[in-house]
Amino acid sequence: MKRITYYIGLHAPTGPNDAATVTERRTIALDFLAGAYDALTVADVTGMWEGIEEPSLRVEVIIGETDYEDAGFTRDEQAHEIARDLALGLDQDAVGLSIEPIEFHIITKD
């Protein structure tokens, strides 16, 4: 299993950064990620880029390497491509990405 974490700033260097635009960027980012993964953990956080605070998202995904159907890409490559697409689509200088091997268990009530 792997934990993939995206760090996404919601202010754009070349666009408006009013509350409505930030909310729109948040929705775009989450819709995009929800299209790529079955389950996400989302945290609204304050990030800092080049010494300036901004509203940001920290999105975690727990996934198995074998769950990816396109045999042409690994999960790591897919995550890098998603981060690039987010940076481009949200007019960000960069999107942070961490990929960690983890042990993960789902414990049910039964």
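Tyrosine 6 is buried because its relative accessibility is 0% (buried means under 20% relative accessible area, exposed over 50%, partly exposed in between, with a 1.4 Å probe and protein chains only). This is a predicted model: local features need pLDDT of at least 70, side-chain atom pairs count only at pLDDT 80 or more, and totals for chains, interfaces and linings use all residues. Residues are numbered from 1 along each chain as its sequence is written, and side-chain values use heavy atoms, leaving out hydrogens and water.

**Aromatic pair**
- One aromatic pair is counted (ring centres of Phe, Tyr and Trp, its six-membered ring, within 6.5 Å; planes under 30 degrees apart are stacked, over 60 edge-to-face, the rest tilted).
- Tyrosine 6 and tyrosine 37 form this tilted pair, at 6.3 Å centre to centre and 50° between the planes.
- Tyrosine 6 sits in strand β1 and tyrosine 37 in the loop between α1 and β2, 31 residues apart (helices are DSSP runs of H or I, at least four residues; strands are runs of E, at least two; numbering starts from the N terminus).
- Tyrosine 37 is also buried, with a relative accessible area of 3%.

**Helix α1**
- The 18 residues of α1 (residues 19-36) should span 26 Å, and the end C-alpha atoms are 26 Å apart, which agrees (expected span: 1.5 Å times one less than the number of residues).
- Its buried residues are Thr21, Val22, Arg25, Ala29, Leu30 and Leu33.
- Their cover includes β1 (2-9), β2 (41-49), β3 (52-63) and α2 (75-89) (contact: heavy atoms within 4.5 Å).

- β2 and β3 run antiparallel, joined by nine bridges (strands pair if DSSP finds at least two bridges between them).
- Threonine 41 has glutamate 60 in β3 as its bridge partner.
- Two residues separate the strands of this hairpin; glutamate 50 in the turn has a positive phi of about 50°.
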